[in-house]
Amino acid sequence: MSAGHALHVFINGQLSGTSYGSLENPKITFSRGVNLRAGINKIAFLSIAVGLPNIGPHFETWNAGVLGPVSLSGLNEGKRDLSWQKWSYKVGLKGEALSLHSLTGSSSVEWVAESFVAQGQPLTWYKTTFKAPGGTEPLALDMGSMGKGQVWINNQHIGRYWPANKASGTCSACNYAGWFTEKKCLSNCGQPSQRWYHVPRSILRPSGNLLVVFEEWGGNPKGISLVKREIASVCADIYEWQPNLMNYEMKASGKVNKQLRPKAHLWCARGQKISSIKFASFGTPVGSCGSFREGTCHAHKSYDAFEKICIGKESCAVTVAPETFGGDPCPSVMKKLSVEAICS
């Protein structure tokens, strides 16, 4: 048993398994089959604690790390208690002691050539060098191909990443009626809580930037990329009865006998999502993309449909019809929809 937040178990230098605790109960127990060889076997535990307590009654007496007991079952003799055998310990990883994330530390060891780089292997260090992208746009590391670990650039800690831990739950239609719970109106089920990690341009050099990754679970380092994160607007400006090709084809085929309502489509660039709705008006808006403004007729629920359907998505489509925006704001008047969304 360990009071850390994670525990890796090694038998004769090979990883045999991992157990994780939770926020509610950080104490964890590893109990599963292991492969032993005849003769002497070496058992090692790597206990991980994400921070130590610094508040609470007598917090200095709270335990962390491997607490025991340690026992082996399934032997010819039955169960053997290893808790009282001679154990040794050390703090930190060898890679940390060697400062592999720094230029001098990374130069002090021999690295495997790129063609032999392991993928999906836990507890592995990776390094590469890269040139700084041109321009002034914000930069971000895409760590979506990795599992769990930490990343450094030019000896600066960019942060911990854990994209392999996907959000769980049921992402169904949102309804806040009744008592509120944390499981209401969930979104992005099956997606990591974070994939992009900000890289300040101030820490970069024109070339020869050192990127070092310590991967704990196992991932594909070839999928890591440095991308520009540019905030941009996307717009749609469409009349409520604007003709389109689908209308023509369906009426010509006889599948429908009335005109279909058009849809306003919004698309962000790849890797970006709609983060907010800057402007939306169904009625008689005026202006052009970037300078839309309300006209004399405006549906007061113009924003609602886009905020419900589009926020957090790379693309979306909203039907241009009065019922979508809470009713007809000005009957007998030809209306249009103007919308501007922010992609980031």
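This is a predicted model: local features need pLDDT of at least 70, side-chain atom pairs count only at pLDDT 80 or more; totals for chains, interfaces and linings use all residues.
Two strands count as paired here if DSSP finds at least two bridges between them. Strand β8 (residues 149-153) runs antiparallel to β11, and five bridges join them. One of the contacts to look for is glycine 149, whose bridge partner in β11 is glutamate 215. Strand β6 (residues 124-130) also pairs with β11 in the antiparallel sense, over seven bridges. Here threonine 128 has leucine 211 of β11 as its bridge partner.

Stay with β11 for a moment. In a regular strand the side chains alternate between the two faces of the sheet. You can follow this along β11, where Asn209, Leu211, Val213 and Glu215 point one way and Leu210, Val212 and Phe214 the other. Both sets are buried, and seven of the seven residues of β11 (residues 209-215) are covered in this way. Confidence in the protein is also highest in β11, at 96, while helix α3 (residues 245-253) has the lowest, at a mean of 66. As a whole, the protein averages a pLDDT of 87, and 94% of the residues score at least 70.

Now turn to the start of the chain. Three strands form an open sheet there in the order β2-β1-β3, with antiparallel pairing. Strands β2 (14-20) and β3 (43-48) stand at the edges with a single partner strand each, so one side of each has no neighbour in the sheet. From one strand to the next, the twist averages 20°. Strand β1 (residues 6-11) pairs with β3 over six bridges, and valine 9 stands opposite phenylalanine 45 of β3.

Next, look at how the nonpolar side chains gather. The largest nonpolar core has 22 residues, and those with the most contacts inside it are Leu266, Ile274, Phe306, Phe325 and Leu337. Two or more residues come from each of β13 (232-239), β14 (263-267), β15 (274-283), α4 (302-309), β16 (315-319) and β17 (336-343). Apart from this core lies another, of 16 residues, including Met143, Ile153, Tyr161 and Tyr197. Leaving aside residues up to four places away in sequence, leucine 337 touches Ala236, Asp237, Ile238, Ala264, Ser281, Phe282, Phe306, Val320 and Phe325.

The sulfur atoms of cysteine 268 and cysteine 343 are 1.9 Å apart, and with -80° about the S-S bond their link is left-handed. Cysteine 268 lies in the loop between β14 and β15 and cysteine 343 in strand β17, so this pair ties together parts 75 residues apart in sequence. Cysteine 268 is buried, with a relative accessible area of 9%, as is cysteine 343, at 1%.

Another disulfide joins cysteine 297 to cysteine 330, S to S 2.0 Å. Its torsion is about -90°, so this disulfide is left-handed. Cysteine 297 sits in the loop between β15 and α4 and cysteine 330 in the loop between β16 and β17, so parts 33 residues apart in sequence are tied together. Both cysteine 297 and cysteine 330 are buried.

Finally, cysteine 171 and cysteine 189 form a disulfide with sulfur atoms 2.0 Å apart. The torsion about this S-S bond is about 95°, so the link is right-handed. Cysteine 171 is partly exposed at 37% relative accessibility, and cysteine 189 is partly exposed at 26%.

Terms used. Residues are numbered from 1 along each chain as its sequence is written. Side-chain values use heavy atoms; hydrogens and water are left out. A nonpolar core is a set of buried Ala, Val, Leu, Ile, Met, Phe, Trp, Tyr and Cys residues joined through side-chain atoms within 4.5 Å. Buried means under 20% relative accessible area, exposed over 50%, partly exposed in between (1.4 Å probe, protein chains only). Helices (H or I, at least four residues) and strands (E, at least two) are DSSP runs, numbered from the N terminus. Contact means heavy atoms within 4.5 Å. Axes are lines fitted to C-alpha atoms, for helices over the stretch in contact, and angles run from 0 to 180 degrees between N-to-C directions. pLDDT is the predictor's confidence in each residue, from 0 to 100. A disulfide is a pair of cysteine sulfur atoms within 2.5 Å.
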